[in-house]
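The sequence and structure come first, and the text follows.

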Amino acid sequence: MSAQQVPIVLLKEGTSETKGSQAQRNNITAAKTVAEIVRTSLGPRGMDKMLVDTLGDVTITNDGATILKEIDVQHPAAKMMVEISKATDNEVGDGTTSTVVLAGALLEKAEELVSKNVHPTVIVEGFKKASQKAIDTLRDIAIKVSPTDKEFLGKVARTSMASKMVSANSQELSDIVVDAVLAVAEKSGESYRVDIDNIKVEKKAGGSIRDTKLVHGVILDKEVVHGAMPKRIDGAKIALVNSPLEIEKTEFDAKININSPDQMQRFIDEENRMLKAMVDKVVSAGANVLLCQKGIDDMAQHYLAKANIMAVRRIKESDMFKLAKATGARIVSNLDELSASDLGFAKVAEERKVETDKWVFIEECKNPKAVSILVRGGSQRVVDEADRSVHDAIMAVKDVVEYPSVLVGGGAPEALVSLKLREWASSLSGRSQLAAEKFADGIETIPIVLAENAGMDPLDTQVQLRSKSTTGKARYGIDVMNGKVADLAAKDIYEPLAVKEQVINAATEAACMILRIDDVIAASKPKDTPKPPSHGGGGMGDMDM
Ligand code: ADP
Ligand code: MG
């Protein structure tokens, strides 16, 4: 054997590799940077971000998940932070900013230990245990509520909207949100389930946020199909049909030879007769509103109009399901089967002008299991942000209806949890104690950031908060409006326990995942596809190969 070393090529040319503490530092820095971006938007006194995408579209928001969705981050560790905010958005709907801020704080604290040569595995283990302890503590201090307690649900909805542009209107909006969620909540055994797909949120720029309203039924962004049809029907008897009121074209190329005008007329007559027969079915079932998932032929429209039936065509399938839930109708796929028992009911079916569009409102249904919210606001951006805030509030209320425990907000539970964690940490030995203490510091970041964003001094706040929390009651948090530490239960600031649990779980997971990585192997980027040669010009740009 020759003593000469032959280099072993393991990775493809162009692959980059960062190893060990360097990789770790890079990852932590990238993740912390993401947290830094959303940090200033946490809480009611947090700032909004204006995001401009590549097409020049502007989004103004303070929703963590939305901010991170809109910015195009490249670093893999930063991407993980974006993903946890998305996961939190999907799971519980609110708490997206908190998740990212907390994950960033945990990494910052972990970094201090790493630099003191504590092995990441030890930190990860300590963090995992501490997060479990934190969640146990939250469960201990949580307040159990009745899942249908409108007053509490309203408080939760208002807290969720407190940090948004719509906060001035949170009273009206929270009533709408709570009514909507309770309308679609379904009891199963002792608990409730809420499928938020049964709440249709339509938005339209114009008017003001105050004009936002709840419709006990479904809003269809379609118009009545024929001008001669009634535009309003009181006591609507609704047929939901998912087959076309048209003569089906033959599947394959068929040729019909027509040799005389007579024959032509007979052909048309036959078609009309078939269409008339279809309309007659609707009439004889007793319907006065026809909502069709497919097309409605001109001639059928004419017959429907003559029978004083209001009809809408090409309704989305998802809306058909909502209509069925709202009105109690059964969706019929074969017109021959349509009977009076398939019909659904609504007090009013009406086409209304919403700005420049005409929409059909199927409303005042009795006990609808699907409802709609029409979100209004001065401009497109306001409506978009109002829509996101309504979504967050719907999710927060759903969280409480499904898991009826709440916590006081404003960083109060975090302050108490960090205190309890420190007590508990002192019972641990060795390095896991260090990790648990750092976790406690990480949790405390939430009230501190809330305070910072409210212009308060972070250190003073920390001292005050610690002394107040020793009472063992998780009520003392950051009263951001008055810039002091205060009893927030007295201010009706409540949040779902489900959100806080998710925030802690998701942030811990992300922090631990990032800490465990000690090797980043990145494939080289595919080369940009060469630009087609430009003709004529020949400026400097073209020479740049
Ligand atoms: P997230 O995306 O994490 O929900 P927010 O910007 O909505 O972020 O801020 C949520 C934080 O603001 C929570 O910790 C909540 O308790 C707190 N908060 C909400 N309303 C108030 C209030 N009126 N006073 C103090 N803190 C509040
Ligand atoms: Mg929120």
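## Ligand site and cavities

An oxygen atom of ligand 1 lies 3.2 Å from a polar backbone atom of Thr96. The model is predicted, so local features need pLDDT of at least 70 and side-chain atom pairs count only at pLDDT 80 or more, while totals for chains, interfaces and linings use all residues. Residues are numbered from 1 along each chain as its sequence is written, chains are lettered from A and ligands numbered from 1 in the order in which they are written, and side-chain values use heavy atoms, with hydrogens and water left out.

Ligand 1 taken alone exposes 570 Å², and the protein buries 97% of that. Accessible areas come from the Shrake-Rupley method with a 1.4 Å probe; for residues, only the protein chains shown count as cover.

The shell around ligand 1 holds 21 residues, the closest being Asp94, Thr97, Ser98, Ser163 and Gly410. A residue is near a molecule or strand if one of its heavy atoms lies within 4 Å of it. By class, the shell has seven nonpolar, 10 polar and four charged residues. Here Ala, Val, Leu, Ile, Met, Phe, Trp, Tyr, Cys and Pro count as nonpolar, Asp, Glu, Lys and Arg as charged, and the others, Gly among them, as polar. Both α4 (96-115) and α6 (150-162) supply at least two shell residues, and the largest share, three residues, comes from α4. Helices (H or I, at least four residues) and strands (E, at least two) are DSSP runs, numbered from the N terminus.

Ligand 1 sits in the largest pocket, meaning that more than half of its atoms lie within 2 Å of the grid points. On a 1 Å grid over the protein atoms alone, a pocket is an open set with protein on both sides within 12 Å along at least five of seven lines, a cavity is a set of points where a 1.4 Å probe fits but cannot get out, and lining residues have an atom within 4 Å of a point. The volume of the largest pocket is about 690 Å³; a volume is the space filled by probe spheres set on the points, which are joined across faces, edges and corners. The pocket is lined by 40 residues, and Pro44, Thr159, Ala162, Ser163 and Ile493 are the closest to its centre. Its lining divides into 12 nonpolar, 16 polar and 12 charged residues, and α6 gives the largest share, five residues.

The whole structure has two cavities of 30 Å³ or more. The largest cavity, of about 60 Å³, is lined by Lys32, Ala35, Glu36, Arg39, Val101, Gly104, Ala105 and Glu108. The second largest cavity holds about 40 Å³, and its lining consists of Ser98, Leu102, Glu414, Ile443, Ile446, Lys500, Val503 and Ile504.

Definitions and conventions
A polar contact is a pair of N or O atoms within 3.5 Å; within protein, one must be able to donate a hydrogen and the other to accept it, and residues adjacent in sequence count only if both atoms are side-chain atoms.
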